[in-house]
Structures are given as structure tokens and as C-alpha cells.
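Biologist: Hello! Could you walk me through this model, starting with how its parts are laid out?

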Amino acid sequence: MKKNDIFEIEITGTTDDGDGVGRFDGMAVFVPYTLLGEKVRGIIVKVMKNYAFGKLLEVIEPSPSRIKAECEYFYKCGGCRFWNTEYEKELEYKTQKVKDCLERLGRISAEVRPVVGCERVKGYRNKGQFPVSKDGIGIYAQHSHRVVDVNRCIIQGDENPRVLAAVRSWMTKHGIEPYDEETGSGSLRHIYTRSGDSGILVCIVTATAKLPFEKELVDELRAGVEGLSGALQNINDKKTNVVLGKKFRTLWGQDHLIDSIGDLKFKISPLSFYQVNKEQTKVLYDKAKEFAALSGKEVVWDLYCGIGTIGQYMAGTAKKVVGIEVVPQAIENAKENMRLNGIQNAEYYCGTAEAIAPKLRGEKPDVVILDPPRKGCEESLLKTVARTEPKRIVYVSCKPSTLARDLRVLEDLGYKTVAVQPVDMFPRTPHVECCVLLCRTQHSSI
Ligand code: SAH
């Protein structure tokens with residue numbers, strides 16, 4: 001097989017990223033934008049040792065689940081994967097992806113419940129990050145740092161086309177240039193937006209401290225973005241893929257958001273993590289609360305607690321909540337959120353869960369919540385948790401493969417995976433969230 005070979009294959013599988021896979025010339029070929037069961041014609045674009053990448057040329061026999069993509073950028077943008085697929089099929093794929101990961105990567109035999117779908121597949125996202133480059137302002141193409149120019153993103157809220165239009169207009173009027181990593185010229189790196197009950201925050205990320213025509217930028221945003229509650233500058237002068245730097249400057253209005261989940265209110269600083277889909281966050285937290293099955297007597301550890309959301313959601317039925325989180329601003333928010341919510345039985349520690357948890361003195365936890373980022377938990381933390389012998393562990397995960405790996409470690413430490421509930425937090429993208437209950441079966445051997 002070589003580059004530019006034309007192939008006709010049947011799509012027999014779907015990858016972790018939502019791309020179709022078939023076999024050609026004895027090799028697996030990954031073909032983006034194809035659906036399970038379709039017969040397609042394509043061209044080989046890259047050959048690796050054991051597999052190849054193809055580009056779709058023609059769908060010869062379409063899947064009955066194929067639909068016309070609603071997003072005009074779908075076939076270029078790397079954000080979503082399922083706009084050409086009926087939502088029901090996407091949900092089936094997500095349930096299956098979790099099952100496959102748990103079985104194959106973790107040898108976990110627990111039943112995986114069908115994913116809970118989201119009522120809104122558009123406009124659900126409360127956060128946007130648009131890279132600014134010489135190719136335009138938009139979203140990265142798949143597996144790439146090439147920017148696809150977009151005027152709106154339909155999974156995000158209504159404000160995003162207005163924010164983009166306002167920033168574009170300001171850039172054009174005042175000759176503002178994107179930052180060029182190679183030459184170091186220009187300054188604009190990203191447009192970062194977040195929205196919540198209190199309004200819309202827009203943050204302009206620059207490579208240099210100087211922000212030219214800043215008053216004009218604020219005027220343009222205030223005139224164009226209904227519901228704007230704050231305009232910020234963030235300075236990121238590092239050579240990095242991380243969007244935000246550490247330094248913020250308030251240009252206008254508020255420097256944080258307030259949002260609510262259920263009856264609770266949360267203050268969110270721009271550097272603090274907050275779930276992107278509010279409606280489904282409630283579904284997820286309700287499930288975590290159900291799995292925690294608190295009676296009012298339990299000590300709960302909320303590890304990777306962010307701004308304290310999950311622990312505070314359960315604090316009313318716990319004896320005490322102990323939160324650990326590595327981002328200092330998030331811990332500050334968590335403490336303020338205790339006050340906002342009238343919660344007195346929580347305490348917070350800033351640092352990594354793996355460093356702080358082994359040092360915690362006092363009562364052992366009865367229930368431990370784990371909600372790590374995509375890379376999952378350090379093995380040493382899982383051992384620390386097992387050693388404290390909580391009755392139940394509730395693991396909230398945004399990546400099935402690392403979840404599977406960590407569940408295997410916990411099973412080997414005397415915990416049994418009892419229930420797995422995937423929740424669709426990210427419709428139209430290949431990502432899927434899971435809430436998992438583990439129960440202790442024996443005394444820990446370490
Ligand atoms: N439970 C929260 C946050 C989950 S996101 C919520 O539902 O909103 C994961 C969080 O883990 C982020 O806030 C991130 O800053 C934090 N984090 C990442 N690595 C960590 C580590 N090693 N120890 C503690 N917290 C960590």
C-alpha cells in the first residue's frame with residue numbers, strides 16, 4: 001500500500017476519536033467522517049507501519065444513520081465528530097466505547113448502563129477557546145495546530161458569534177495582528193469565553209503585556225455582546241499549547257462568573273475548572289450523589305475537587321467533606337463557595353491529591369470521590385485511597401481508557417466495580433463522561 005492508492009472498503013469499526021475504520025490490503029485504514037457499516041471509496045493519505053490514514057472520496061453505500069451535517073464547518077473542524085450521524089447512533093457508539101475500554105483495557109466485567117443523552121445537542125457549551133493565527137480565528141483541525149477559520153461554533157452558546165465578530169472588527173479597525181510563534185511578532189493568541197448565570201466573560205489572551213487599543217476593544221465587546229459581564233486580558237508569554245497564562249488583568253466589569261447547579265451557587269475564576277455542560281453536570285452530580293449513598297454520618301474525600309462542586313453538592317448529607325485540588329484559584333473559589341452555599345462541614349487543601357492525601361490526619365474517609373483530568377490518577381494515590389479503606393469510591397472520569405486502567409488497579413486493591421453510568425456531556429464530539437461506583441470487597445492488602 002502506498003500514498004494516493006484508491007481504495008473501496010467497508011467500515012467495520014470506529015476509533016476512539018470517532019473515525020471509521022476498515023481494512024484494505026491487509027491493513028487497518030482510518031477514514032474520518034465515515035460511519036459503521038458504510039461502503040466507501042477513498043484515497044490513502046499516509047501509510048504507517050501497521051495502519052494507514054485515508055481520506056473519504058465517496059460514500060458508495062451510506063449508513064441509514066447518516067444525516068446532513070448541520071454545522072457548516074464540520075468537515076474541516078477538529079472539534080466535533082458526529083454531525084453527520086443521528087444522535088441515537090452517536091449514543092450507541094459512546095456506550096460501546098465505554099464497554100470496549102473497560103473490557104479490553106481494564107478486564108472489568110461490570111455492566112455498563114446505556115449513556116444518558118443530552119436534550120440539547122447544540123448551544124450546550126459554556127466555554128469557548130478560539131486560537132488566533134494568520135490562518136484566521138477559529139478551532140484547530142483534527143490532530144493539528146492548523147486553525148480553521150469560523151464565525152460561530154454551534155455547540156457553544158449564542159454569544160460566541162457575537163464575541164468573534166466584535167474581536168474581528170476591533171482587529172481590522174486597529175490593525176491588531178495575531179501572535180506568530182516563529183517570528184515573535186504580533187500579540188493576539190486566543191479568545192477565551194465563559195458564560196454562566198451572572199453573564200459572559202471574554203478574555204483576550206496575548207503574548208505580550210501590552211494590549212493596544214484596549215478601550216476600543218472593551219467598547220466593541222460591550223456594544224456587540226449582549227450579557228457581557230466582564231472583559232479580561234490574560235498574558236501568556238510562554239511557548240506552550242496551554243491556552244491561559246497565569247497573569248490576568250480586568251479591562252472592564254467582573255473578573256469571575258457565578259453559576260448555579262441545582263440549589264447551589266458557585267463562583268468560578270477563569271483559571272478554575274468548571275464543567276462545560278451545565279444541564280448534564282446536574283445529571284452527573286445527581287448520579288455521583290446517588291452512588292455515594294450518604295446517610296449524614298460519612299466523611300467524604302472530594303479529590304480533584306476544582307471549585308468544590310461535587311463535594312458541596314453532597315455536603316448536606318455528609319458529616320464532613322475534605323477537598324483536594326492543585327489549582328490555587330480553584331481552592332480559593334471552593335472556600336468562597338462554602339460561604340455562598342452556607343456550608344460549614346467542608347475543608348480544602350491545595351496541592352496534588354497524590355501528595356496531600358497520604359498526609360491527611362483525622363478520620364478516615366467512608367466515601368472517596370475521584371474526578372481526575374483525562375490522564376487519570378497516579379497509582380500511588382489509588383493505593384493511598386485503598387489503604388484508608390473507604391466503603392465506596394465514586395470515580396468520575398472524562399476518559400474511558402484511563403478510567404479502565406485505574407479501575408483495574410482499584411480492583412486489584414480490593415474494590416469491585418459495581419455500576420458504570422456514562423453521561424453524554426459533549427454531544428457531537430467523541431468524548432464521553434462516566435460515573436462509576438466501586439465497593440470494597442475485602443480488607444486492603446497494602
Ligand atoms: N470535580 C471538579 C473538577 C474536576 S476536573 C468538578 O466537577 O468541577 C479535574 C480537576 O483536577 C481540575 O480542577 C484540575 O485542576 C485538578 N487536578 C489536576 N491534577 C491534579 C492533581 N494531581 N491533584 C489534584 N488536583 C488535580
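Modeller: Gladly, and let me start with the domains, whose bounds come from an automatic or database domain assignment. Taken over C-alpha atoms, the centres of domain 1 and domain 3 are separated by 36 Å. Please keep in mind that this is a predicted model, where local features need pLDDT of at least 70, side-chain atom pairs count only at pLDDT 80 or more, and totals for chains, interfaces and linings use all residues. Residues are numbered from 1 along each chain as its sequence is written, and side-chain values use heavy atoms, with hydrogens and water left out.

Biologist: In what order do the five strands close into a barrel?

Modeller: Strands here are DSSP runs of E with at least two residues, and helices are runs of H or I with at least four, both numbered from the N terminus. Two strands pair if DSSP finds at least two bridges between them. The pairing in this barrel is mixed, and the order is 1-2-3-5-4.

Biologist: Which residue in strand 3 is the bridge partner of G20?

Modeller: Strand 2 (residues 20-24) and strand 3 (residues 27-31) run antiparallel and are joined by five bridges. In strand 3, the partner of G20 is V31.

Biologist: What kind of aromatic pair do Y33 and F74 form?

Modeller: Rings of Phe, Tyr and Trp (its six-membered ring) pair if their centres lie within 6.5 Å; planes under 30 degrees apart count as stacked, over 60 as edge-to-face and the rest as tilted. A search of the whole structure gives nine such pairs. For Y33 and F74, the ring centres are 5.2 Å apart and the planes lie at 80°, so the pair is edge-to-face.

Biologist: How many residues apart in sequence are the parts that this pair ties together?

Modeller: Y33 belongs to the loop between strand 3 and strand 4 (39-47). F74 is in the loop between strand 5 (51-61) and helix 1 (87-106), so the pair ties together parts that are 41 residues apart.

Biologist: Is F74 buried or exposed?

Modeller: Buried means under 20% relative accessible area, exposed over 50%, and partly exposed in between (1.4 Å probe, protein chains only). Y33 has 16% and is buried. F74 has a relative accessibility of 1%, so F74 counts as buried.

Biologist: Which residue has its charged end over the ring of Y33?

Modeller: A charge sits over a ring if NZ of Lys or CZ of Arg is within 6 Å of the ring centre and within 35 degrees of the ring normal. Here the charged end is 4.6 Å from the centre of the Y33 ring, and the residue is R81.
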